[in-house]
Amino acid sequence: MRRVKRPLAWSLNDLASTYTVEEQIGEGVYGKVHKAKNKQEEVVALKRVKTNSNSEKEGFPITALREIQILMQLRHECIVSLKEVVCSDYERSVYLAFEYLDHDLNGLIESAGAGITPQHARSYVHQLVEGVGFMHERHYLHRDIKASNLLISRTNHLKIGDWGLARDFAPDGDGSYTNRVITLWYRPPELLLGATRCCDGYGPAIDMWSIGCILAELLAGKPILPGTTETDQLDLIIGLLGTPDAEQWPGIENLPLWDSFSLKHEEDEDDGGPVEADRKKQRKVRDRFAAFDADALDLIDKMLVYAPNDRITAKAARECAYLRDAKRPNELPTLNAHSAHEWQVRKLRRTSSSSSSKPVAAAAAGGDPPQRH
Ligand SMILES: Nc1ncnc2c1ncn2[C@@H]1O[C@H](COP(=O)(O)OP(=O)(O)OP(=O)(O)O)[C@@H](O)[C@H]1O
Ligand SMILES: [Mg+2]
């Protein structure tokens, strides 16, 4: 895909004199997002940088600084564009103004009748892999790929948003990074087992696992690994991929949490003994998703792989049969949705269920929020 070259225009305009703020479209753990229009009637998404009461002491949040710095480096048609940084003297806060997109992928998945077809799924994953490949080549990791962070335009263009957990990484370096990233349902097994260094498998492969979960979710119509705790998440992964061992995942025994994990696993066995070969859980990826398109299943099978070094890279995924045949965004049927953002769709559902006195559906946003480091 073509790389978009645009000069980055950003300044410290004042919010009140530059924008008319419209409805709220999102609310993350880290701040609210509103739709807004500037004097030229251009629509933007304004994300407030949440600062805590100690901000005078702590200064500008590192996550927002990273988000700005990284988005200044990464200009690509599959990556959301940061238009400017504005301040509000009145609230003493700072806002990031992004190009506005009508939907996010989770809002679309949760809106009944939005009309996502298998062709849409294929094109969205194709665009996601293009954007992720571009960032990985430049040595950045996103570290929170999930459906609500993937923005979709009404013309079916996908742009990767929410760069608050992203960071640069040194391939094969000896740096250490936090494993408390990526929303639980999309978090790969190496992070759940405590990987923090490149030699543990910490690198681009962590984002590729999340993409595998999203592709399967799009085709299944629901999240495939909805764990409630880190232990439960690992159990769900084992139920799908089988019991991990050093043969299929060389170096697993060196991961920080491997000892406590294998000990717990042994205790869970009836006789308290080690897991015998015939009682090991088998890989079920192909059985569970047997109804999927064969080429899509091949790709999922290469993404949901234990050993990070054996997981397919974005560069290789671009060439696979499933993505080679993806339609261009403008060749896809128009979506049947006006504005589908996760927060709006869930609010609407809560309002309609409380007005009809039905219990509110539990809508955990993909497990526990990741920490930012
Ligand atoms: N550029 C945009 N255009 C349209 N909607 C957007 C845009 N950016 C963000 N949103 C909406 O706002 C939501 C929250 O934004 P974002 O994910 O960037 O913030 P966050 O505070 O980090 O959220 P979370 O903690 O839930 O991940 C998104 O899921 C999306 O629905
Ligand atoms: Mg988000």
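Where does UniProt place the feature "binding site"? I looked this up before anything else. The UniProt record, an unreviewed entry, puts it at Lys47. I keep in mind that this is a predicted model.

**Entry: Lys47**

I went to Lys47 in the model. Lys47 sits in strand β4, which covers residues 43–48. Is Lys47 buried or exposed? I counted 25 other C-beta atoms within 10 Å of Lys47. Lys47 is therefore buried, because the cut-off for that is 20 or more. Next I listed its contacts, leaving aside neighbours within four places in sequence. Lys47 is in contact with Gly31, Val33, Tyr95, Leu96 and Phe98.

**Entry: ligand 1**

I turned to the ligand. Which residues come nearest to ligand 1? Of the 24 residues around ligand 1, these are Gly26, Gly28, Ala45, Asp162 and His341. I then sorted the shell by element. β2 (19–28), β3 (31–38), β4, β6 (93–99) and α14 (342–355) each supply at least two residues. β2 gives the most to this shell, with 3 residues. I also sorted the shell by class. It has 11 nonpolar, 8 polar and 5 charged residues.

Why does ligand 1 lie between two domains? Domain 1 (13–99) and domain 2 (103–331) both give residues to its shell, so ligand 1 lies between them.

**Entry: Trp163**

I looked up Trp163 next. Trp163 is in the loop between β10 (158–160) and β11 (167–168). Trp163 counts as buried, because 26 C-beta neighbours lie inside 10 Å. Which residues does Trp163 touch, not counting residues up to four places away in sequence? The list is Glu67, Ile70 and Leu71. I also checked Trp163 against Val80. The two are 83 residues apart along the chain. Their C-alpha atoms are separated by 9.3 Å.

**Entry: the largest nonpolar core**

Last, I went through the core. In soluble globular proteins, nonpolar side chains tend to be buried together. The largest nonpolar core here has 99 residues. Leu128, Ile211, Leu215, Ile300 and Met303 touch the most other members. Which helix gives the largest share of this core? Helix α7 (residues 205–220) does, with 10 residues. The core draws at least three residues from each of domain 1 (13–99) and domain 2 (103–331).

Leaving aside neighbours within four places in sequence, Leu128 is in contact with Leu150, Leu158, Ile160 and Ile211.

Note on methods. Residues numbered from 1 in each chain as written. Chains lettered and ligands numbered in written order. Predicted model: local features only at pLDDT ≥ 70, side-chain atom pairs only at ≥ 80, totals over all residues. Core = buried A, V, L, I, M, F, W, Y, C linked by C-beta atoms within 7 Å. Buried ≥ 20, exposed ≤ 12 C-beta atoms within 10 Å, placed from the backbone. Helix = DSSP H or I, 4+ residues; strand = E, 2+ residues; numbered from the N terminus. Domains from an automatic or database assignment. Contact = placed C-beta atoms within 7 Å. UniProt positions renumbered as here; feature names shortened; annotations may be inferred. Near = placed C-beta within 6 Å. Nonpolar A, V, L, I, M, F, W, Y, C, P; charged D, E, K, R; others polar.
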